[in-house]
Amino acid sequence: MKEIKKLGIMGGTFNPIHIGHLAMAEEIRKRFNLNKVLFVPTGNPPHKKIDSLASTEDRYMMTILATISNKDFLVSDIEIKRKGTSYTIDTIKQLREEYTESEIYFITGADAILEIETWKNTQELLNICNFIATTRPRYDVEELLSRIKKLEEKYERKISLLSIVPLDISSTDIRNRLKGGKTIKYMVPDSVIDYINKRNIYK
Ligand code: NAP
């Protein structure tokens with residue numbers, strides 16, 4: 001059992017992780033008074049085929065490199081190690097066994113959370129942890145709020161929407177920049193850039 005009162009779980013593909021994710025995690029940690037944020041890179045994402053998806057091991061390594069300097073950030077290989085399709089309900093249940101005393105907050109992009117009805121065991125998932133949906137600057141917040149409100153009413157659970165996003169950076173944009181030979185300096189930590197170059201990822 002690990003004694004962390006409020007634990008954020010930052011779930012995402014992190015293909016690659018960038019400073020938008022890091023700034024977001026830190027902002028949420030402060031706003032929600034979370035003691036730690038645990039980054040959980042996805043194993044095999046359930047829903048989609050992604051263009052230029054780096055291996056699970058590389059995404060995990062890049063997440064470690066990016067977060068290592070923040071004492072309040074942790075990284076889990078729980079989904080990386082799991083065989084087969086990775087479902088959030090299984091991850092949360094497994095983490096509940098490890099962090100028995102913690103209140104858990106699952107953090108991810110609002111567009112992902114809006115699809116939550118297609119995820120495995122939606123009601124149970126909403127019952128066993130809190131959800132924080134995050135947005136990018138160009139999203140229509142009113143539209144997001146109204147869709148989230150419908151989910152809240154249907155499942156009788158609160159979903160927090162954080163609409164102030166520190167940085168407008170996306171993994172897709174970073175992959176495109178790398179393919180186009182453009183710089184990603186100051187968008188991704190230097191250690192992650194070195195790793196990408198050394199392993200020749202996203203070429
Ligand atoms: P994704 O492709 O990594 O992200 C979707 C969108 O949200 C992208 O715009 C992404 O930006 C952004 N994003 C990703 N992680 C974020 C984070 N932690 N905070 C803020 N924004 C974030 O994600 P996904 O594959 O849809 O999955 C997101 C999470 O939901 C994962 O943990 C996944 O396992 C879970 N999920 C579970 C199920 C299920 O259980 N059936 C189904 C779908 C998703 P970037 O591209 O810049 O990262």
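Before anything else, a cut-off I need: buried means under 20% relative accessible area, exposed means over 50%, and partly exposed is in between. Also noting that this is a predicted model.

Entry 1, a loop residue. I looked up T85, which is found in the loop between α3 (78–81) and α4. Its relative accessible area is 38%, so T85 counts as partly exposed. I also checked T85 against G43: they are 42 residues apart along the chain, yet their C-alpha atoms are separated by 7.3 Å.

Entry 2, the sheet. In what order do the six strands of the open sheet come? I read off β3-β2-β1-β4-β5-β6, with parallel pairing. β3 (73–75) and β6 (159–162) stand at the edges with a single partner strand each, so one side of each has no neighbour in the sheet. From one strand to the next, the twist averages 25°.

I then picked one pair. β1 (residues 6–12) and β2 (residues 36–41) run parallel and are joined by six bridges. G11 has V40 in β2 as its bridge partner.

Helix α4 (residues 88–98) lies across β1, β2 and β4 (103–109), and runs at about 150° to β4.

The axes of α2 (residues 56–67) and α9 (residues 190–199) come within 8 Å and cross at roughly 155°. That makes α2 roughly antiparallel to α9. The crossing is right-handed. Residues that meet here include M61, M62 and L65 in α2, and V192, Y195 and I196 in α9. By class, I noted seven nonpolar, one polar and three charged residues in this contact.

Technical notes
Residues are numbered from 1 along each chain as its sequence is written. This is a predicted model: local features need pLDDT of at least 70, side-chain atom pairs count only at pLDDT 80 or more; totals for chains, interfaces and linings use all residues. Side-chain values use heavy atoms; hydrogens and water are left out. Two strands pair if DSSP finds at least two bridges between them. Helices (H or I, at least four residues) and strands (E, at least two) are DSSP runs, numbered from the N terminus. Axes are lines fitted to C-alpha atoms, for helices over the stretch in contact, and angles run from 0 to 180 degrees between N-to-C directions. Contact means heavy atoms within 4.5 Å. Buried means under 20% relative accessible area, exposed over 50%, partly exposed in between (1.4 Å probe, protein chains only). Angles under 35 degrees count as roughly parallel, over 145 as roughly antiparallel, 65 to 115 as roughly perpendicular and the rest as oblique. A crossing is left-handed if the near helix is turned anticlockwise from the far one by less than a right angle, and right-handed if clockwise. Ala, Val, Leu, Ile, Met, Phe, Trp, Tyr, Cys and Pro count as nonpolar, Asp, Glu, Lys and Arg as charged, and the others, Gly among them, as polar.
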